[in-house]
Amino acid sequence: MNTVFPYPVLTGDITLEVTAVKLDGRPLPLSMISRDHKVVALHEVERSRWDEARLDLRVVLPEKELADGPWDDVACLAALTEASTNARATARLRRSDAGWWSGSLVFHRDAHLTRASLTVAVAATVDGESGRLVGMAEESWIVELDERIPARKQELNIHETDFRNGSETWLQTFQDAPWVVETTGDMPTVHLNTGFEGLVDFLNGGGAPVERAVRGMLAAQIAAEAWTAMFNAAVGDLECDDEGRPQWPTGWRDGVLRSMLPDVLPDLSISDALMEVHLRLTEGGWQELQPRIQYAAARRAKTPKNIANGLRAMSRDVETER
Amino acid sequence: MVEATDQRQDFGDWLERQLRLRRMTQSALAEALEVTPAAVSAWTTGRAEPREDRKRAIAAALGVEEEAVLRRAAQVLPPSALNWHHRPAHRDGGREFGNAAAFAFDADLAVLAREATQNSLDEQFDPKRPVRVRYTLEELSGEHLRAFLDALQWDEIRPHFEASATDRHKVGRVIAEGLREMTESDSLLLLRVDDYNCTGLTGPDYGDDSKFAAVLRDQLNSHKGRSTAGGSYGLGKITLWATSRLGLVLVNSTLSGAHEGRTSRRLYGRLELPWHSKGGEDFAGLAGFGETDTEPGREGTARSWWADETTTRSLRLEREGRDPGTSFLIVGAHDAAGDAQTLQEMHEKLVRALADNFWAAMTSGRDSRPVLEASVTTLRNGNVVIPEQRVDPAVHQPARTRALSAYLNGEAVEQRTDTTQVAVAYVPLRVPPEKGAPRKESAEHNAVLLVTAADDNDREPNRLVCMRGNRMTVMTRRVTDLPLGTDAFQAVLLAGRATGSDAPEAHAAEQFLRTSEPPEHNDWTKTEDLVTSYVRGARQRIEDFRKDMLVAVRVLVGRRERVKTGGPAVLRELLRIDAHTTGARRPDRYPVVRHVEGSVDARGAWNVRVEVKLPRRTDPWSMTPTARFEVRSGSRPAISWAKLIAGENCRVEQGVLHFEAGATSASFEGVTEVSSHPVTGRMARVVVDLQKGR
Amino acid sequence: MSTTSRDLPEQIALLPDVVASRYLTHSVLAGRERPPQLALIRGSEPMGTPAARWTVEPLRQLIDVAMRRHDGDRATADAWLAPRLHATLRITRREAADTRIWNFLAMVVAPDYVLWRHKGVTKEGDRATTDRFVGLHYKQTFARLWWAAELFRDGDDYEPARLACENQDVLNTMLRLAVIDHRPTARAVVRLLEKGLVRTGRDVNALGTAINTAAGTLVYDVLAPDEAPDADSRRYWIDEAENAGPVSLDNLPFGPDDGCVPGDSVDELVRRFAQLFAEAPVRGKEEGRIGTGRSNEGVSLDKTYSPF
C-alpha cells in the first residue's frame, strides 16, 4: 500500500450486502440480486416502469477493532453514485443489536442512467476531529438499471444488426463492411453486419474442426481490430489536468489501458507508460509506437494461438484428403 | 403413569417369582395356607386371583409386607443381592474376539450421538411432548472413582479385564489401553446418555416382545417399535458399547408401562469382552450385572433388578423425576476417531453432532414445540465444568433451521425477495400401489422443498438435505449444474410424515421411501425390497423423484430467464475488458513502492518512510519519488519534498533516488514541503509513488 | 452568421457521438463551414412522442438573445443562459446524461453559438475545440450550463447557480469535481463566493483543490447531512413544461421546487471550508501553480473517481 492517512484507520474487513430490493414498494425477486458478484439488476420484463427503488442493506464492521480503537461517534454511511448523472444518494445506517448495521437507501430512476455504484464509508471522530473517514467497504456493489442478470459486465457490447436497414442510420454508410467498431460512449460496441451474408451465422455456428479453426482466426482478427481501436480511443480521449498531465480514465478505458500498456511499454510502470504514450501522441513518436500497439492488441485477441491452430487444422485437413 | 396394567397376569407372575426366590414349592405354600396345590397353581398361572384376606395370609407365609402383596410389586434388592455373571465359553470352543457388530461402527462420539439420539426419537412416548436427551460427560478420580468402582464390584470383573487385555487382537489392545490409562491417571471418564419422554426398557428380561431384551440381551436385534422408525435399537445400540474402552455399559430405565408391578429404577449392567481364559476356565466374554436368575434353565445368568435410590446414586445412574426413558452410562468413554481428546473437545463434538444431525427435530414453529430437545453437560467428580448447554440448531445450522421454521410458521414464499426469506415449492412423488393391496391407484404425495440463502461462513453450500419420518436426515445431496452467478443456498426436502401431514398419501409415501432405503437408511434408491413390495414401475418413481427434486431446486434458486447471448461466444471470449484482472500477471519490471508509513509533524509536514521493491537487474535504477495528496476525483496535486533521506541501498541526488545495482529492496525517508500543500497536511492522505527519472 | 428558425427542426432529436464526430472537421471547428444539417438530422433518432419540452424554438430564441446581449463580454452569457436553459429544457438527470441531446443542440440547433462563445486561439489555429460540440458534461457548450444550473441551484432558486456561472473558474474547475455532487458542498462553495471570501480565479482553484483533497479524510455527508430532493416535485415541474410559457429574459426563472439544501449543513461546511481555505499553505504563494512547478510529472494511478 502506498497511501497513508494522518490518523489511525480501520484495518478489519467492512462488508456490504444488499439483502432485498423494492421497486415502487414491490419486492424484487432475489434472483435479481447476486451476493457473489455483488450486483443488483433492476430491469424486469414485467415492470419496465418504476420510479423509486429501495435497497435494504446490511453492513458488518470490525466491531471489536472499533470498540478497542481511538474512534468515537462512529457513523456508517451508504452511498450510491453514478458519475454520468452526478448522482449521489446516501443513507445513514443504524447499528442493530445483532452486531451489524442496517438501513435502506432510496433512489430514483430519473437520477440514474445505466450503472450506479454502491459503497459504504465509516466516519468517526479521531483526535477531536469529527467526520473523519476511517474505513470503506472492501468491495463495492454495482446496481445495473438496464440489466436482467445480476452479473458484472465483463465484455464490451456485441451488436448484431443489418447495417443497411437497421435503426442506426449512421451504419448505412458502412453497409458493405462485415463489422465496425464503435468506441464512443459508455461501452465500446462491435457492430456485426447481419446484412453481410454468412458472417454472423458462421461466427455463431459449430461445425468441423477446420470450420472452428477458421472461425477462431476470424474472431481474432475482429478482436485485434477492436483492441487497437479501443486503445487509440482511450489514449486519444485522455483528459489532462491544468498542468497538462493526463488523468487516469475510468470505465472501459481504464480496463483497456491496464490490459494493454504493460505489453505496449513493458519496461515502464503503468503510470509512466501512460505519460509516455500521451507524450508520443502529442509531441511525436506515435508512429514508432504502432507495432507495439498491434502486438499488444494481438496478444489480447489471442491472434498467435488462433492462427497457429487454424493453420494446423487446415494442413491436417489437406493431409487427410490425400 | 398407571403402575400395573394387567393385574391378573401380574399377580401370578409375582407369586411365582416370590416362590422361586425363596426356593419354596407351590405345595409348601398350599400347605402353609391350608389350600389345595391346585388353587396355588391357578393363582400362579393367572387363572384365578386370591381374595384380599387370602393375600394377607400369603404375605405372612412369604414373610413380606402386606402392602407388597397388594401392589404385587417386585422387591427392591439391596446391593448385596447383586452379582456379575459371566457367560461360559461355547462348548464347541468357538471364540469371539469382540462383538462383531461393534466393528460396524467407528466408535466416534459423533456417531454415538447420532445413533443413540435417533433411538430415543424412535421411542418417543407422548407424541405431544418433546423427547429430551441429555448427554453428561463426567470424569471421576480419587475417592469418587473408588466409590463408583466399589458399587460396580470392580474387583470381581477386574481379573476378566486383565485376562482380556492382550495385544493379540484389536479389542484386547483397546481394553489394555483403557486399563493402563485408568491406572496411570487414576481417572475414568463416564458418558451418560439420558432420554426422557421415551418408552423406556419395558417388557420381561427375555423374549421377543421385550424392549429390554432387544437392547440388552440380543445382538443385532432390530426391535421395531413404530413404522416410522429407522430401526429402533437396531445396530445403533452397538455404538454404546463401542464407545466404551472397557465394553461396559450400565442402564437405568424408567418404564412407561409397569413390569413386575414397577416402573422406576430398573437397572442392569452389560459387559462385552472378547473370549478369554481365567483360572483355567474359558469365558465367552459376555457378562451381566444384576440379580442372579433362578428361573429354570436360566440359572447362572443375571437379570435386571429394581434398585434402591442409594445404589442407583452410587452407580451414577439416578434419573430426574418420573418421566419415562432410559439412561445409558458408558464406562470408560472415549472418542476413537481421536479428534476429541479433552473434556472440552468431547463436549463440543457432542454439541456439534447433535446440532448437525438433529437440527430439524429441534426446530419448531412459533406456536409449537420441537420433537427433540438436547443438551450436553460436563462434570468432574460431580462438579460442573461446563454447565448444561442446550443445543441450539440456529447457531449451528442457521440456514436450514431458518428454512424449516419458516415452513412451520407458514412464512415460506413462492419467490424470495429478501435474503432472509425462504422459498417453498412442491415436488410430487407418485407412490405406486403395493402388490396385492386393495389400492390399485398411485397415491400422489407432495414433498415440500425449501430453499434459503446459505450463511456467509457456510463451508458446504448448495446442498439438499432429504428427510422423512420424524425429520431424520436420509441423505444430503450436492446440487450441481447451477447457472452462473447463483448465490450460495441451502435446501431442505421434507417427504412423507416429515411434511407434517397425516394424510394417507403421506403415510404411503413414508412407507414407500422407507422401502427404498438400504439398511443404512442413507439413500433413496432402487432396492430389492422395492421390487418385491410394489407393482412394476416403482424403481422409475424413485428415479423420477430424485431427478424432480433437483430440478425444483434449480428453479427456486435460478434466474428466471436465460441470458441473451450478447454476440458470438468465440468473439466475446476475446473481448473481455476485465482481462487484466485474470490470467498470468507479469512481474513488475520496474521499482515499485511496497510500503509507506508516516505522520504529520508539528510544522504540518508529512514525514514518510518508504520501502521499495526492486526487480533484479545488473544496472542500477534511478527513479524520482513523488508525493501526492489523495483527492475525491480528478488528478492528485503533487507535493514537493523539503528533504529526501536515503535509507538502505540507495542515495539521493537532486531529488532523484539512485538504487544500488543488484539490490532487491531499498528504503528512503521524505519530508514534504509545507508550502506546497494545497491543504493543511493533517487534512489529507498522502500517496507515494516512483516515477522514471527525467 | 445567424440561423433563422425556418431552417430548424421543430423538435430536439438524439444525435449519436459517432455521427456528430464525423462532421467535426477542421473547417466546421474554425467556423468556415456549417455542419451538414440534413445529414445530421438524418443520423439522429427522434425523441418519441413530441412534447413541449423538446421544442427547439424557445431554446433558439434564448440563444439568440444571449448572443445579442452579451456580445461585448461573451463569458457573461453563461450566467444569463444557464438558469434559462435549465428552466426551458426540462429534463431529468437521466435524460441529461445522454450526450446525444447536447450533440444535437451543438451540431444542429446552435453551432453558431458554440463558435460565438468558444472560438479562440489554439495550437491548430483560431477555432473551437471539439469537446465544445461533443464532450464531457463540464466541457460541452450546453451541457456545462445545464449541469451548472442543476448542481448549484438551491431548490427552485437559481441565484446560486447564476453566481457560480459568473466565475469561469467555478465552471471550469468546480464543475468537474465529484465533491459537488453533494448539494451542501456545492451550496457552501457559492456561499463563500457570496461572502467574498473567495474572489479570484486562483482562489477558486485553491478552494477546489483543498475541498477535493480534504474529502480524502473527511466525510462531508456525515458532517453536513443532506435531504434527498423531492422527486415527485421535480417530475411535476417537468410535466408542467406543457403549460409553461417562455422564461423571462430579465428576471430569474424558478426551478423545480424539490427542496432546499439544509441550512445548518451549509453553514457547517462554510465554516469548515473557510478554515481549510485559510489554512491551505499553498494559497500564500504568488506562483499560480500548485505543486512542484514541473509539468508533465506523470500521472497518479488508482481510484480517480471514488465516492469517498
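In this predicted model, strand β9 (residues 101-108) of chain A pairs with β8(A) in the antiparallel sense, and two bridges join them. One of the facing pairs sets A:R95 opposite A:W101 in β9(A). The two strands β8(A) and β9(A) make a hairpin that has five residues between them, and A:G99, which lies in the turn, has a positive phi of about 100°.

On β8(A) there is also a pairing with β7(A), again in the antiparallel sense, and here the pairing runs over seven bridges. Within it A:C76 stands opposite A:L93 in β8(A). These strands, β7(A) and β8(A), likewise form a hairpin, with four residues between them, and A:N86 in the turn has a positive phi of about 50°. Strands of a sheet pair through backbone hydrogen bonds, which can be arranged in a parallel or an antiparallel way.

At the level of the whole chain, the domain assignment divides chain A into domain 1 (15-144) and domain 2 (157-317). The centres of domain 1 of chain A and domain 2 of chain A, taken over C-alpha atoms, are 35 Å apart.

**Where chain A meets its partners**

Chain A touches chain C, and the strands described above take part in this contact: β7 (72-82) and β8 (87-95) of chain A each supply at least two residues of the side that touches chain C, as do β10 (115-126), β11 (129-136) and α5 (270-283) of chain A. Chain A is also in contact with chain B, to which it gives 74 residues while chain B gives 61 residues. The size of an interface is often expressed as the accessible area that is lost when the parts come together, and the table sets out this area for each pair of chains together with the counts of contacts across it.

| Chains | Buried area | On carbon and sulfur atoms | Salt bridges | Residue pairs in polar contact |
|---|---|---|---|---|
| Chain B and chain A | about 5,400 Å² | 54% | two | 16 |
| Chain A and chain C | about 4,400 Å² | 55% | five | 16 |

In the contact of chain A with chain C, 56 residues of chain A meet 46 residues of chain C. Which residue of chain C forms a salt bridge with A:E129? The side chain of A:E129 meets that of C:R272, at 2.7 Å from N to O. A:E129 also forms a salt bridge with B:R682, where the closest N and O atoms are 2.8 Å apart. On the side of chain B that touches chain A, the elements that give two or more residues are α19 (569-572), β19, β21 (621-629) and β27 (686-692) of chain B.

**A sheet in chain B**

Chain B contains an open sheet of four strands in the order β19-β20-β26-β23, with antiparallel pairing. Because β19 (592-600) and β23 (641-646) of chain B stand at the edges and each have a single partner strand, one side of each is left without a neighbour in the sheet. From one strand to the next the twist averages 20°. Strand β20 (residues 606-613) and strand β26 (residues 665-672) of chain B pair in the antiparallel sense over seven bridges, and in this pairing B:V608 has B:G670 in β26(B) as its bridge partner.

Definitions and conventions. Residues numbered from 1 in each chain as written. Chains lettered and ligands numbered in written order. Predicted model: local features only at pLDDT ≥ 70, side-chain atom pairs only at ≥ 80, totals over all residues. Heavy atoms only, no water. Domains from an automatic or database assignment. Pairing = 2+ DSSP bridges. Axes fitted to C-alpha atoms, helices over the stretch in contact; angles between N-to-C directions. Contact = heavy atoms within 4.5 Å. Buried area = accessible area lost by both parts, 1.4 Å probe. Salt bridge = Lys/Arg side-chain N within 4 Å of Asp/Glu carboxyl O. Polar contact = N/O pair within 3.5 Å; in protein donor to acceptor, adjacent residues only side chain to side chain.
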